[in-house]
Amino acid sequence: MGVVVVAAGSGSRLGADRPKAFVELAGATLLEHALRGVVAAGVDEVAVVVPADWVTQAEMVAVAVVGPAGPAGPAMTVVPGGAERTDSVAAGLSSLSEQVHHVLVHDAARCLTPVVVFERVIAALARGARGAIPGVPVVDTIKTVAPDGLITGTPSRDSLRAVQTPQGFRRDVLEQAHAAGVPATDDAALVEALGHPVLVVDGDPRSLKITTPADLVHAERLLAAGSRAPGHR
Ligand SMILES: Nc1ccn([C@@H]2O[C@H](COP(=O)(O)OP(=O)(O)OP(=O)(O)O)[C@@H](O)[C@H]2O)c(=O)n1
Ligand SMILES: C[C@](O)(CO)[C@H](O)COP(=O)(O)O
């Protein structure tokens with residue numbers, strides 16, 4: 001199992017003085033928290049994708065997580081990302097070895113994802129799913145709205161899920177999806193567009209995506225409450 005950890009975003013909505021993945025949360029960077037979760041999931045290879053001028057910094061974080069030689073942990077490589085998230089995923093994907101046949105794509109910004117969520121996605125792939133992603137029920141009523149502001153529909157809430165990462169796929173399927181070069185806000189959408197079935201498994205509220213300063217405060221509270229240590233289930 002290979003993992004692409006995308007950490008090359010700028011974090012404009014967080015507004016920090018550095019790329020979001022290198023912002024600290026309770027004494028460790030978001031990237032370090034994210035990598036500790038990935039390693040606890042017991043994967044074979046990890047491609048860490050960061051802004052081009054943060055590669056050396058990320059390599060130091062990787063060493064801190066798996067050790068200098070890393071014999072006990074997964075092989076970790078750090079590569080520069082691209083302008084859009086899909087470009088960064090593609091860069092990480094192409095750096096994984098030929099031995100990797102299934103890939104998880106994970107946002108470094110979802111740095112407190114519990115191991116059990118990785119396990120659910122990995123289990124679905126092991127059962128033969130071409131794609132599997134975590135999702136949680138939505139609590140608001142969702143409307144579709146036209147550009148003029150008029151509501152065009154109210155989808156049944158029972159059919160809606162807010163989806164998270166890690167998103168797992170058969171490698172050939174994900175590569176085919178990325179080759180299409182279509183813009184999308186998640187990898188599942190690219191795979192769905194090709195007509196492949198993608199399964200939703202249970203996500204977790206602790207997998208929140210740190211996007212704004214309020215999310216960082218929320219994540220700090222989660223950690224202070226002890227709801228996630230490295231490898232927490
Ligand atoms: N060109 C990009 C854009 C995003 N990401 C990664 O994709 C994940 C989800 O993106 P988001 O949380 O929206 O991060 P940013 O794009 O950095 O945030 P913002 O839109 O506020 O700038 C993050 O882990 C981010 O680092 C990436 O690797 N490469
Ligand atoms: C992949 C994702 O985290 C699933 O919810 C999300 O779509 C990323 O979106 P962003 O606009 O890059 O934050």
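Predicted model: local features only at pLDDT ≥ 70, side-chain atom pairs only at ≥ 80, totals over all residues.
Let me begin with ligand 1, which has 22 residues around it, and of these Val-6, Ala-8, Gly-9, Arg-13 and Ser-88 come nearest; a residue belongs to such a group if its C-beta atom, placed from the backbone, lies within 6 Å of the molecule. Residues are numbered from 1 along each chain as its sequence is written, and chains are lettered from A and ligands numbered from 1 in the order in which they are written.

The shell around ligand 1 divides into eight nonpolar, eight polar and six charged residues, where Ala, Val, Leu, Ile, Met, Phe, Trp, Tyr, Cys and Pro count as nonpolar, Asp, Glu, Lys and Arg as charged, and the others, Gly among them, as polar. Around ligand 2 you will find Arg-85, Asp-107, Val-163, Gln-164, Thr-165, Thr-185, Asp-186 and Lys-209, and by class that shell has one nonpolar, three polar and four charged residues.

Let us stay with Ala-8 for a moment. Ala-8 sits in the loop between β1 (2–6) and β2, and here helices (H or I, at least four residues) and strands (E, at least two) are DSSP runs, numbered from the N terminus. Is Ala-8 buried or exposed? Ala-8 counts as buried, because 28 other C-beta atoms lie within 10 Å; the rule is that 20 or more other C-beta atoms within 10 Å of a residue's own make it buried, 12 or fewer make it exposed, and anything in between is partly exposed, with C-beta atoms placed from the backbone. Leaving aside neighbours within four places in sequence, Ala-8 is in contact with Val-49, Val-50, Pro-51, Gly-81, Gly-82 and Ser-88, a contact being two C-beta atoms, placed from the backbone, within 7 Å. The C-alpha atoms of Ala-8 and Val-79 are separated by 9.5 Å, although these residues are 71 residues apart along the chain.

Next, the helices. In α1, ten of the eleven residues are buried, so this helix is mostly covered, and Gly-42, which follows α1, has a positive phi near 75 degrees.

For α2 (residues 55–66), how far apart are the end C-alpha atoms? They are 16 Å apart, which agrees with the 16 Å that twelve residues should span at 1.5 Å a residue, the expected span being 1.5 Å times one less than the number of residues. The buried residues of α2 are Ala-58, Val-61, Ala-62, Val-65 and Val-66. Why do they lie on the same side of α2? They do so because they cover an arc of only 115 degrees around the axis, the arc being that of the directions from the helix axis to the C-beta atoms. As background, an α-helix has 3.6 residues a turn, so residues three or four places apart point the same way. The buried residues of α2 pack against β3 (28–29), α1 (30–40), β4 (45–50) and β5 (75–80), whereas the face turned away from them carries the exposed residues Thr-56 and Met-60. After α2 comes Gly-67, with a positive phi near 90 degrees.

Just after α4, Gly-128 takes a positive phi of about 110 degrees.

Helix α5 holds both Ala-177 and Ala-179. Ala-177 counts as buried, with 24 C-beta neighbours inside 10 Å, whereas Ala-179, with 11, counts as exposed.

Two backbone details deserve a look. Most residues other than glycine have a negative phi, and most peptide bonds are trans. Ala-26, however, has a positive phi of about 50 degrees although it is not a glycine, and it is found in the loop between β2 (24–25) and β3. The peptide bond from Thr-165 to Pro-166 is cis, with omega near 10 degrees, and Pro-166 lies in the loop between β10 (161–163) and β11 (167–170).

Finally, the largest nonpolar core has 59 residues, a core being a set of buried Ala, Val, Leu, Ile, Met, Phe, Trp, Tyr and Cys residues joined through C-beta atoms within 7 Å. Val-4, Val-5, Ala-7, Leu-31, Val-48 and Ala-108 have the most contacts inside it.
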